[in-house]
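Thanks for coming. I will show one structure and walk through a few places in it.

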Amino acid sequence: MSTDTNTVKPSTSFTEDEQHVAGNAHNCFRAGQFDATLGILKKLQKSHSNDARLMHNRALTEFCKSGKTKVLDFKKSLVKIQKLLQQSNKEEEDIVLNTEKNNYISLYYNQALLFYNLHQYSETEVILGHLYENLDGSEETYLLKIGLLLIDTYLFTYNPEKAGNLISVLEKNFLTNEDATKRSGNNDEKAKSTPTLGMAEAESLKVHLRYLKTLCCLQTKSIKSSKREIKSLTNVYSNSGGGGQQTNIVQVASVFLKSNFECVRSNYHKAYKLLGASPPPVATNVANGALQEGISTMYYNNLAVLHFGMGKHNIGSFYMQKALQENDAAVSSATKQHHLNNSSGNSRHQQLSTAKPLCVLNLNRRFELAYNYGLQLLYSGNPAAAFDSLLLAVHAFHANPRLWLRLAECCIHKCTTCASEGKMKGGSHTKKSNSAFAMIGSGTNRKVVINTSLPPLGTKSNNLTTPLPTLEFASVCLNNALFLLKEAMNGISWDTVIDIKKNNGSKSDEDQAPELIIACLPGAPLSGNDIIHLYASVLANNAFVTLTLGNGLLALEYSQQLLSLPRLSGCNRYLGNMYAAEALVSLDRISEAIQHLSVEKISTVSLEIDNNGMKSPGSDDGSVKSGQNNKAHNHNHVSQKATEFVSPWHFPSNINCAHGYMILNLANAHCLRSEHEKAQRLLRQASSLVSARQAPPQALLLAVYLNLQGGGNGLVTALLMLRHNSLVVTPQQTSFAAKFPKLVNGNGARPPTGNNSSSFESGSSGGDTNSAAPVNQTRLKSSTPQPVAGGQTPERVVKAKNNEGKKRNRR
């Protein structure tokens, strides 16, 4: 906190004796005698009860007396004083001069510093920006303090351009020679009188500004500039004196910068080697009265981020959990050390041992780590734990629309049982669910029972605001994200957003509109195409949730909004048409639904932006064609890893599979219109595009229904479809059924002898989990009959029956 508040010139209403008493209060405050300072300030307030400077001094003294633990009380006091100043300035607008306003710089600076330590960087940026713009040449002592704090705030809010400009101004004002100062004085009023710094202070400031400039280059992803700045900064660190803990911190900072540089270049393995070669020192050490940041926490967090980039989300979750443990240990240790240093045998300080001081609150990064940990768990296929972790991050980042989308994705992932149907490394599935039919009984008494309806997607909750991983709460999260995006856009059209991004720098400064940027702390902000991507994802998820909850009209509205977006990706275009068609079918508007199911509308299912229907550079399988940069390759690599745990028929893997799904839905629409022959033709067409493993169970039920409606041999064909789990029956299967009708129908067939391979096991290893065994018949891997080890072939079974009949006739 700034302690220069008592040195400001008091107003003219103070007498000479009161000024002398105020000077004594200042001396007591500097000496740490807070009780004596409070006594003097209370006496002065009796005659000046509404003086804002006295109120500020008293609030600051009480805050320091508590060991800087009563943060909320100090924050409320500053807000109250600020409102009082605003009212007085409105009433006395002609009387209050700029020189009188400068007397309250310490008040606003302390308020900004308080917000900064509480990680409220948006409020800090507003206050410091206003202070920096209104600083006069007479307030040079505040220029460096406000400038450095504002640079850090810009870096935390991902605004490297403004931070770089401010770094250049500070270099001109404090580190340049006299000639450079004269040249800069013509352009900047703040450079007219350059403050004098000592040699040691100037050298320390030079190194710190170079470090901040390196961070700016890394955020702008300027490879050449970052490499040059890191090299020069490393040379400065190696040539700088000092030893012990300071040298250790300098070495760790160099390693972190080099690793961050390789991470920006998507060289995650090299970044991991650089970071892993330097183990972290002990976290949180008290030196020179200030707490250092938990280096161990940053170390494990960076390791988790690198594994996230490499697609190793389970290992990343492990390191993120270690980072959370290190953060809690660092906060606990720092709190105990702070109270031990400030207690000096005072029982009151010992009672407040659980209260965290302001410096420890600045050290705590639990909410940022919880956000990263939730993303790691979501990508690793653990949506329930990811939901709890992201819900903790909402307390600090409730204005982040991307966070609300991630919470909704956790709910959808949990309710649609994607987590239990995730892929294993060998390609098999953990369990079989949503089957088209079930088996009842055992042995020769087994029966096939068709599932008329699939299992419900999730449990319904009456309380929509209860934070549980349900589809109802997912709808609330998506509506919050949609509201935040619309509020940030503030009526700006999508064409304007694209033109701003496309023509940035081509227009003149007068005609150019400000670029739309949506803050998404703790992550990077969104602008241009990124906003369209996020908006489309929110609409697509909202359409799915409302459709699952039975609100077809609202789902149709979200789908139409999704399809109306410009520069829509192929993935979102596919989802928009499918959701719109299903919503129209639920509303009994089948003719309109058929229009959305045209395969000509979809040319790709990748996540790359589709320009006016043209195919994106990314291929259908998620890979990137030659000529793409590392960033695009890394994006597709991460997206491909993200869909690794999705059930095979939840989303198409390529364009042929997507067309097959659309044709299947088109066949369903024609079946609802009693056009059975056309529906059967579409089913045969879809079977050539979709494999048996990728076909959803609803498609098999549709094929069985159409064959039963056709009459004739439809019953046999339907049984063969169930037996082979196929949408189309081959001629070999039909001829085999004609030769052995009893075997197919299951009447009088005996189970084969030998090992018990005739039992139906849905999750047996070595076979396809989507295939199904027929009634009273061994489960066969191929479509044609195969001999079973230790048993009899179907031909031998029939011959044995004929021989038994001949023996009976002879008797």
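**Starting from one alanine**

I begin with A540, which sits in helix α24. Before going further: this is a predicted model, and every value I give is computed from it.

Is A540 buried or exposed? Its relative accessible area is 5%, and the cut-off for buried is under 20%, so A540 counts as buried. What does A540 touch, once its neighbours within four places in sequence are set aside? The contacts are L562, N572, L575 and Y579. A540 can also be placed against A555: the two are 15 residues apart in sequence, and their C-alpha atoms are 9.2 Å apart in space.

That brings me to the helix pair. Two packed helices are described by the angle between their axes and by the distance between those axes. Helix α24 covers residues 529-548 and helix α25 covers residues 552-563. Their axes are 8 Å apart, and the packing angle is about 160 degrees. Angles over 145 degrees count as roughly antiparallel, and α24 and α25 are therefore roughly antiparallel to each other. The crossing of this pair is left-handed.

Which residues meet there? From α24 we have A536, L539, A540, N542, A543, T546 and L547. From α25 we have G552, L554, A555, Y558, S559, Q561 and L562. Sorted by class, the residues of this contact are nine nonpolar, five polar and no charged. A540 and L562, already named as a contacting pair, are both on that list.

Helix α1 is residues 16-30, and helix α2 is residues 34-47. Here the axes come within 8 Å and cross at roughly 155 degrees. With the cut-off for roughly antiparallel at over 145 degrees, α1 and α2 are therefore roughly antiparallel to each other. Their crossing is left-handed.

On the α1 side, the contact is made by E18, V21, A22, N24, A25, C28 and F29. On the α2 side, the residues are F34, A36, T37, I40, L44 and S47. By class, the contact of α1 with α2 has nine nonpolar, three polar and one charged.

**Backbone points in loops**

Where is the cis peptide bond I want to point out? It joins L521 and P522, with omega at about 10 degrees. P522 lies in the loop between β5, residues 517-518, and β6, residues 526-527.

Next, K68. This residue is not a glycine, yet its phi is positive, near 60 degrees. K68 belongs to the loop between α3 (52-65) and α4 (71-91). Its relative accessibility is 33%, so K68 counts as partly exposed.

Then S674, also not a glycine, with a positive phi of about 65 degrees. S674 is in the loop between α29 (655-672) and α30 (676-687). At 56% relative accessibility, S674 is exposed.

**The whole protein**

To finish, the overall numbers. The protein has 35 helices and six strands. It has 811 residues, and 44% of them count as buried; A540, at 5% relative accessible area, is buried too. Taking contacts between residues at least 6 apart in sequence, 64% join residues at least 24 apart. The accessible surface comes to about 42300 Å², and carbon and sulfur atoms account for 50% of that.

Terms used: Residues numbered from 1 in each chain as written. Predicted model: local features only at pLDDT ≥ 70, side-chain atom pairs only at ≥ 80, totals over all residues. Heavy atoms only, no water. Axes fitted to C-alpha atoms, helices over the stretch in contact; angles between N-to-C directions. Helix = DSSP H or I, 4+ residues; strand = E, 2+ residues; numbered from the N terminus. Parallel < 35°, antiparallel > 145°, perpendicular 65-115°, else oblique. Left-handed = near helix turned anticlockwise from the far one by under 90°. Contact = heavy atoms within 4.5 Å. Nonpolar A, V, L, I, M, F, W, Y, C, P; charged D, E, K, R; others polar. Buried < 20%, exposed > 50% of the residue type's maximum accessible area, 1.4 Å probe, protein only. Areas by Shrake-Rupley, 256 points an atom, 1.4 Å probe, with all protein chains shown as cover.
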